[in-house]
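Dear colleague,

I am handing over a structure that you have not seen before, and I would be glad if you could look through it alongside the notes that follow it.

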Amino acid sequence: MPNHSEVGGTASDRPYFHIVTDDGHAGFADAVLFTNTTTTNDPAIAAAECKKKGVPKLGMTVAEVRASCWGRPIYVDAKARKNGKYEQYVYGDNKFVYFRDGKVTSVSVKGPGHDADQLTR
């Protein structure tokens, strides 16, 4: 259950959680942010399911990308031009998928911890 805080003698109705990790580290997390950014899914199971689904690859359709490990994008930027329909799927963690006429033309993953080769295999 979240608590309410008093900081510097000023009461706040902003709830927070006191958190203690398995390795003994302790701290406080904003209850609103914490409940919106946490999951009950086991990370090992989620990683195994993600590996089965695969990641977006060149040539995939919109439906195939949405069925991939990345799922639905956070935001879609769509433009219709004389030479075709272009879409950019924006995901968190600096991941992007680009479509032309419903087919993936490019997949972009920026930052450390990503295997760029898996996007073309």
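**Confidence and what was found**

In this predicted chain, confidence is lowest in strand β1 (residues 3-7), with a mean of 49, and highest in strand β6 (residues 95-100), with a mean of 97; the score is pLDDT, the predictor's confidence in each residue, from 0 to 100. The chain averages a pLDDT of 82, and 76% of the residues score at least 70. Where pLDDT is low, the predicted coordinates should not be read in detail.

The model is predicted, and local features need pLDDT of at least 70, side-chain atom pairs count only at pLDDT 80 or more, while totals for chains, interfaces and linings use all residues. Residues are numbered from 1 along each chain as its sequence is written, and side-chain values use heavy atoms, with hydrogens and water left out.

Turning to the strands, an open sheet of 4 strands has the order β4-β5-β6-β7, with antiparallel pairing (strands are DSSP runs of E with at least two residues, and helices are runs of H or I with at least four, numbered from the N terminus; two strands pair if DSSP finds at least two bridges between them). The edge strands are β4 and β7 (103-109), each of which pairs on one side only. Strand β4 (residues 75-81) is joined to the antiparallel strand β5 (residues 84-91) by 7 bridges, with a hairpin connecting β4 to β5 through 2 residues, and Tyr 75 stands opposite Val 90 in β5. On the next pairing, β5 and β6 run antiparallel over 6 bridges, where Tyr 91 stands opposite Lys 95 in β6.

The rings of Tyr 89 and Tyr 91 have centres 6.4 Å apart and planes at 55°, so they count as tilted. Ring pairs link Trp 70, Tyr 89, Tyr 91 and Phe 99 into a cluster.

With kind regards

Terms used
Rings of Phe, Tyr and Trp (its six-membered ring) pair if their centres lie within 6.5 Å; planes under 30 degrees apart count as stacked, over 60 as edge-to-face and the rest as tilted.
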